[in-house]
Amino acid sequence: TSGIASCAAPITYSGPDTAATTRSGSCTDAAGNSSSESIVLHYDSTAPTTDAASSPAPNGNGWLRTPTTISWTGSDATSGVASCHPQMSYGGPDTSGTAETGSCTDNAGNSSSDTFMVRYDTVAPGTVATPDRAPNGAGWYRAPVSITWIGSDGRSGIDSCSSPVTYRGPDTASVTRTGSCTDD
């Protein structure tokens, strides 16, 4: 009836992040009557954390050799995580590095992302047995011979090969020595 004489000055809230804080204000009419109102503010200006991981996890050298599922998980201390990128499967093609990026969003609408670098190699390395010298013209050795295994891998590289062996006898028309190489 008498009209508004004054109201509390506007306020700006810019932090700190909080799950709930209360701010109050009042208005007074020309007759001197006043009333107040409170509002509960939920304030979150900080993006959630996002972490990408695969199952199964890469080996110690960072490589996968079987199909994997990549998932993104998040955490947020104030408003909580609303959603994360859906998990995905990767089963090829072989790659030295394919980036798969996903994000998580909190309940306040802030988001962050994380990238999982897929290094995928399903092809076994090549392995070659290499004697320390060639046999004679008839294909025979007459003294001890050392054999080393050498590997090649066009994708992830060689992690290890069997240790060299030396054959010292007994005399034989044929003997087999086996070694292998493992890629990264």
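Ala, Val, Leu, Ile, Met, Phe, Trp, Tyr, Cys and Pro count here as nonpolar, Asp, Glu, Lys and Arg as charged, and the others, Gly among them, as polar. With that in hand, here are close-up views of what is a predicted model.

**View 1. The largest pocket has a lining of 12 nonpolar, 5 polar and 4 charged residues.** The space in this pocket comes to about 520 Å³. There are 21 lining residues, and those closest to the centre are Y141, V145, Y167, T172 and V175. If you are tracing the chain, look for strand 10 (126-131) and strand 11, which each supply at least two residues of the lining.

**View 2. The second largest pocket holds about 240 Å³ of space.** Its lining is made up of 16 residues, with N59, R65, D121, D183 and D184 closest to the centre. Sorted by class, the lining of the second largest pocket has 8 nonpolar, 4 polar and 4 charged residues.

**View 3. S156 sits in the loop between strand 11 (145-152) and strand 12.** Is this serine buried or exposed? S156 has a relative accessibility of 8%, so it counts as buried, the cut-off for that class being under 20%. Its side chain makes a polar contact with the side chain of D121, at 2.7 Å. Leaving aside residues up to four places away in sequence, S156 touches W63, D121, D183 and D184.

**View 4. C7 and C27 are joined by a disulfide, with an S to S distance of 1.9 Å.** The torsion about the S-S bond is about 110°, so this disulfide is right-handed. C7 belongs to strand 1 (residues 4-7) and C27 to strand 2 (residues 18-29), so the link ties together parts that are 20 residues apart in sequence. How accessible is C7? With a relative accessibility of 43%, C7 is partly exposed. C27 is also partly exposed, its relative accessible area being 29%.

**View 5. A disulfide links C84 to C104, the sulfur atoms lying 2.0 Å apart.** This link is right-handed, with 110° about the S-S bond. It connects distant parts of the chain, from C84 in strand 6 (residues 81-84) to C104 in strand 8 (residues 95-106), 20 residues apart. The two partners fall into separate accessibility classes: C84 is partly exposed at 28%, whereas C104 is buried at 0%.

**View 6. C161 and C181 form a disulfide whose sulfur atoms are 2.0 Å apart.** About the S-S bond the value is 110°, and the link is right-handed. Strand 12 (residues 158-161) contributes C161 and strand 14 (residues 181-183) contributes C181, so parts 20 residues apart in sequence are tied together. Which accessibility class does C181 fall into? C181 counts as buried, with a relative accessibility of 9%, while C161 is partly exposed at 29%.

**View 7. Taken together, the chain has 3 disulfides.** A disulfide is a covalent bond between two cysteine sulfur atoms. What pattern do the disulfides of the protein chain follow? Counting the bonded cysteines along the chain, the pattern reads 1-2, 3-4, 5-6.

Definitions and conventions: Residues numbered from 1 in each chain as written. Predicted model: local features only at pLDDT ≥ 70, side-chain atom pairs only at ≥ 80, totals over all residues. Heavy atoms only, no water. Disulfide = S-S within 2.5 Å. Helix = DSSP H or I, 4+ residues; strand = E, 2+ residues; numbered from the N terminus. Buried < 20%, exposed > 50% of the residue type's maximum accessible area, 1.4 Å probe, protein only. Polar contact = N/O pair within 3.5 Å; in protein donor to acceptor, adjacent residues only side chain to side chain. Contact = heavy atoms within 4.5 Å. 1 Å grid on protein atoms, 1.4 Å probe; cavity = no way out; pocket = protein on both sides within 12 Å on 5 of 7 lines; lining within 4 Å. Points joined across faces, edges and corners; volume = space filled by probe spheres on them.
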